[in-house]
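I opened the model and kept brief notes on what I looked up. The sequence and structure come before the entries.

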Amino acid sequence: MQDSGEGGLGGGGQRWGRRFLPTKTNKRMKEIYWKLQAVMRGIIHRREEAMRVGENKANDLLGMLLESNSKEVKENGNRKEMGMSIENVNMIFHEVLRLYPPATMLIRVTHEKIKLGDVTITPGMEILLPIILIHRDKELWGDDAKQFKPERFSEGVAKAVKGQFASFFPFGMGPRICIGQNFAMVEAKLALAMILQHFSFELSSSYEHVPVPVITMQPKCGAKIMLSQI
Ligand code: HEM
């Protein structure tokens, strides 16, 4: 098990550090952030302790993450950096949502005349927001824009988008932003944690990478993976 000092889900320093604190944060928000960190760390440390004495019940997301983390660390000669942190899982989902946003585009209709740079948009005009193209734009994301690199998000979304929040909006933006976004992220983490409890998996050799937008982004030939029970 990772100790409760620097590494792991409950670790201080690097993984829980200020790098996940949005850059433009006022004093009150910073206080809340650190208070929340302390509360969360406390919960995790108590669960780690319970796990150490064999009392942890892995019947919720935190229990599952702690257990799978502990297993991975043990299997890798107790190398603490091998464990997966909550942030690592965030990072991976963000990168998946960047390259394969389920909603590939949004449409907005203007109600008033608007001037955007040199372009004047008249009322009633439909404007298409091509999420997938913006998410893969080299000018915004760099030359490796099309590569799968979760580490882009290692210092949070704000750093990854270099403060230009309109570069990443898999859940939309503004007053009509997806109301299910937090639920969707927790659900995805839970599903992954449940799978990783019992299986390891790798891509099937018959997998073909053909993502197609059919209302939402979907793998045309399916997502064939080989599961092995652990
Ligand atoms: C990965 C999963 C999901 C993605 C990528 C996603 C994406 C989106 C996007 C792009 C919008 C349009 C936002 C806009 O127009 O600016 C939206 C709206 C919405 N989503 Fe999601 N969504 C997801 C999961 C969910 C879940 C799980 C729920 C419900 C439990 C949900 C409920 C809604 C609702 C009700 C709206 C309409 C909000 C409104 O128009 O006021 N979504 N979603």
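Strand β8: I checked burial in this predicted model and found that zero of the five residues of strand β8 (residues 225-229) are buried, so the strand lies largely in the open. I took a residue as buried if 20 or more other C-beta atoms lie within 10 Å of its own, as exposed if 12 or fewer do, and as partly exposed in between, with C-beta atoms placed from the backbone. Strands are DSSP runs of E of at least two residues, helices are runs of H or I of at least four, and both are numbered from the N terminus.

Pairing: I looked up the partner of β8 and found β5 (residues 199-203), antiparallel to it and joined by five bridges. Two strands count as paired if DSSP finds at least two bridges between them. Phe201 stands opposite Leu227 in β8.

Conventions: I number residues from 1 along each chain as its sequence is written. Because the model is predicted, local features need pLDDT of at least 70 and side-chain atom pairs count only at pLDDT 80 or more, while totals for chains, interfaces and linings use all residues.

Confidence: I read pLDDT, the predictor's confidence in each residue from 0 to 100. The protein chain averages 82, and 83% of the residues score at least 70. In that chain the lowest confidence falls in helix α1 (residues 13-16), with a mean of 40, and the highest in helix α5 (residues 131-135), with 97. Over residues 1-17 pLDDT stays under 50, and there the model has 41 contacts beyond four places in sequence. A contact means that the C-beta atoms of two residues, placed from the backbone, lie within 7 Å. For the complex I noted an ipTM of 0.96 and a pTM of 0.73.

Cys178: I found Cys178 listed by UniProt under "binding site", in an unreviewed entry. Such annotations may be inferred rather than shown by experiment. Cys178 lies in the loop between α7 (156-160) and α8 (181-198). With 15 other C-beta atoms within 10 Å, Cys178 is partly exposed. Leaving out residues up to four places away in sequence, Cys178 touches Phe171 and Gly172.

Val39: I located Val39 in helix α2 (residues 27-52). Val39 is exposed, with 10 other C-beta atoms within 10 Å. Its C-alpha atom is separated by 43 Å from that of Val212, 173 residues apart along the chain.
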